[in-house]
Amino acid sequence: MALLEVKDITVRFGGIVALDGLSFDIEKGQIAGLIGPNGAGKTTMFNVVSRIYDPTEGSVTYDGENLLAIAPHGICRKGVYRTFQNLALWPGMSVIENVMVGKHSKSKQNFLTSAFRVGLGKEEKDLREAAYAALNEVGLTDVAFHPAQGLPYGTMKRIELARALIGEPQLLMLDEPASGLTHSEVDDLGELLKTLRDRHNLTMLLVEHHMAMVMGVSDNVVVLDFGKKIAEGTPKEIQENPAVIEAYLGGGI
């Protein structure tokens with residue numbers, strides 16, 4: 001059964017067509033790659049699923065529910081989480097505090113209980129423990145109490161991943177998680193993503209320019225060019241597709 005169904009999505013910004021009738025499904029437990037040249041519409045698709053953009057036409061169904069009917073602030077409660085192409089951390093906060101923010105949507109606190117600090121201490125303790133466990137999964141417990149500012153770029157990318165994990169996602173969308181990483185860091189990240197998928201029964205949608213990683217971790221790959229889908233299939237099928245080679249891969253991977 002498909003966890004995410006994208007059907008005939010079109011997004012127009014004035015006279016510019018960013019996505020043109022895009023359709024694809026992601027099965028539960030899959031890692032799906034979404035690739036294409038710069039400006040192909042990949043991040044626009046991410047922004048539709050994460051409810052930043054409303055499409056001009058089309059539908060998005062998530063776990064049998066109309067995702068487009070959910071308010072942007074409500075998608076985390078449905079299990080949809082994302083990371084960002086550009087880092088979105090609070091540099092003045094510690095690493096563990098940055099991760100704790102990822103579970104804010106699951107808080108049982110409200111205005112009154114927060115004002116009178118009812119149950120606040122226990123929830124804070126549980127949240128800190130969950131954040132530490134998420135950091136352990138991405139190998140970052142040694143910097144848990146360091147300021148986020150000034151840490152290596154690859155480390156900050158993993159902090160974002162831990163922040164998404166703490167929210168207990170079903171669908172995890174990763175926007176260029178390997179950008180700025182060294183070759184060894186990219187290899188390690190690919191193995192980590194597969195491990196996390198298996199351990200937490202995650203479904204992942206991955207936008208990435210690092211083709212070796214996309215082909216190494218993805219079960220299915222969707223290729224965009226100028227907002228249209230030009231190919232979809234297994235990594236092997238995509239690597240051998242003439243339209244993909246012509247439009248994006250420049251003669252091979």
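pLDDT is the predictor's confidence in each residue, on a scale from 0 to 100. This is a predicted model. Its pLDDT averages 89 over the protein, and 91% of the residues score at least 70. Where pLDDT is low, the predicted coordinates should not be read in detail.

Within it, Leu 224 stands opposite Lys 229 of strand 10.

## Helix 1 and what follows

Helix 1 spans residues 42–49.

How much of helix 1 is covered? Most of it: 7 of its 8 residues are buried. The buried residues are Lys 42, Thr 44, Met 45, Phe 46, Asn 47, Val 48 and Val 49. In an α-helix, with 3.6 residues a turn, residues three or four places apart point the same way.

Just after helix 1 comes Arg 51, with a positive phi of about 70 degrees. Arg 51 counts as buried because its relative accessibility is 9%, under the 20% limit. Its side chain forms a salt bridge with Asp 54, with the closest N and O atoms 2.7 Å apart. Asp 54 itself is exposed, at a relative accessible area of 56%.

## Aromatic pairs

The whole structure holds 2 aromatic pairs. Phe 13 and Tyr 53 form an edge-to-face pair. Their centres are 5.3 Å apart, with 75 degrees between the planes. This pair links distant parts of the chain, 40 residues apart. Phe 13 belongs to strand 1 (residues 2–13), while Tyr 53 sits in the loop between helix 1 and strand 4 (57–62). Phe 13 is partly exposed at 39% relative accessibility. Tyr 53 is partly exposed too, with a relative accessible area of 29%.

Tyr 132 and Phe 145 have ring centres 6.4 Å apart and planes at 25 degrees, so this pair is stacked. The angle decides the class, because planes under 30 degrees apart count as stacked. This pair also links distant parts of the chain, here 13 residues apart. Tyr 132 lies in helix 4 (residues 120–137), and Phe 145 lies in the loop between helix 4 and helix 5 (153–165). Tyr 132 is partly exposed at 37% relative accessibility. Phe 145, at 56%, counts as exposed.

## Salt bridges

A search of the whole structure finds 16 salt bridges. Three of them are listed here.

| Asp 20 | Lys 228 | 3.7 Å |

The bridge between Asp 20 and Lys 228 links distant parts of the chain. Asp 20 is in strand 2 (residues 16–27), and Lys 228 is in strand 10, 208 residues away. Asp 20 counts as partly exposed at 33% relative accessibility. Lys 228 is also partly exposed, at 44%.

Asp 198 is exposed, with a relative accessible area of 56%. Salt bridges that share partners join Arg 197, Asp 198 and Asp 219 into one network.

Technical notes:
Residues numbered from 1 in each chain as written. Predicted model: local features only at pLDDT ≥ 70, side-chain atom pairs only at ≥ 80, totals over all residues. Heavy atoms only, no water. Buried < 20%, exposed > 50% of the residue type's maximum accessible area, 1.4 Å probe, protein only. Helix = DSSP H or I, 4+ residues; strand = E, 2+ residues; numbered from the N terminus. Phe/Tyr/Trp six-rings, centres within 6.5 Å; stacked < 30°, edge-to-face > 60°. Pairing = 2+ DSSP bridges. Salt bridge = Lys/Arg side-chain N within 4 Å of Asp/Glu carboxyl O.
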